[in-house]
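Biologist: I'd like a close look at one part of this model. Could you pick a single helix and walk me through it?

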Amino acid sequence: MEGCQAGALGDVPIPRERTPSPLRAVADVRSAPAPARDFDISTDTTDVIYAEDEEVFRETAVRELLKLGFLRQNIREAGNGLEALDYLARLQNEGHITKPLLVLLDVRMPGMDGRECALQIQELVKQKQLRREPYVVCISSIARQVEVDEGGGNFQIVLPKPITVQFIEDAFEHLRQWWTLGFGRQLPAWKNFKAESIDVIAADD
């Protein structure tokens with residue numbers, strides 16, 4: 001008999017086309033060896049992924065990054081955490097692969113928020129599935145909540161909005177110490193946190 005009638009016992013539906021998973025793309029490249037770290041780092045050779053759903057905040061942050069010497073072509077803008085993971089997958093074999101990879105995440109975003117994105121990234125780090133381990137920073141209007149209630153979560157540091165050159169300079173110095181000396185948080189990759197283990201850059205009242 002040619003084929004089966006719809007609804008007949010034993011029918012197997014035709015698989016529908018799905019969007020490739022960014023995490024699967026990461027897994028596809030994990031067999032390549034991790035690149036040797038270049039310790040001579042600067043803002044103009046640092047790749048950045050910035051996930052923020054509000055355009056006004058994205059424009060402000062990008063403007064501040066450019067003031068500090070980051071290059072526009074090295075900044076990838078994402079509208080949510082899933083898009084950030086997609087860029088993360090691509091940058092495992094692209095960009096300045098011997099240099100740091102900085103990921104800036106807002107907390108509240110549609111689709112996948114910053115907390116979930118940071119959790120997914122740290123799970124990948126824990127499973128050693130990333131050639132380029134990123135330095136993950138929270139930039140949020142609820143920075144104090146992330147700091148106090150969640151102990152920083154799966155972020156290396158927490159920055160408040162609006163972002164400023166001074167905040168970015170401080171964050172980049174933390175990144176430099178993490179990259180060259182190994183200083184930084186051991187991130188949990190789960191949702192139980194200790195408040196005393198997070199570096200916080202906060203604005204003065």
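Modeller: Here is a walk along helix 4 and then into the cores. This is a predicted model, where local features need pLDDT of at least 70, side-chain atom pairs count only at pLDDT 80 or more, and totals for chains, interfaces and linings use all residues. Residues are numbered from 1 along each chain as its sequence is written, and side-chain values use heavy atoms, with hydrogens and water left out.

Helices here are DSSP runs of H or I, at least four residues, and strands are runs of E, at least two, numbered from the N terminus. At its start, a side-chain oxygen of Asp113 comes to within 3.2 Å of the backbone nitrogen of Arg115. Just past the other end, Lys128 has a positive phi of about 60°.

Along the helix, Gly114, Cys117, Ala118, Leu119, Ile121, Gln122, Leu124 and Val125 are buried, meaning under 20% relative accessible area with a 1.4 Å probe, protein chains only. Cys117 counts as buried because its relative accessibility is 0%. With a disulfide taken as a pair of cysteine sulfur atoms within 2.5 Å, the count is 0.

Now the cores: each is a set of buried Ala, Val, Leu, Ile, Met, Phe, Trp, Tyr and Cys residues joined through side-chain atoms within 4.5 Å. The largest has 24 residues, and Phe70, Leu102, Leu104, Val137 and Leu159 have the most contacts inside it. Helix 6 gives the most to this core, 7 residues. Apart from it lies another core, of 23 residues, including Cys117 and Val125.

Conventions
Buried means under 20% relative accessible area, exposed over 50%, partly exposed in between (1.4 Å probe, protein chains only). A polar contact is a pair of N or O atoms within 3.5 Å; within protein, one must be able to donate a hydrogen and the other to accept it, and residues adjacent in sequence count only if both atoms are side-chain atoms.
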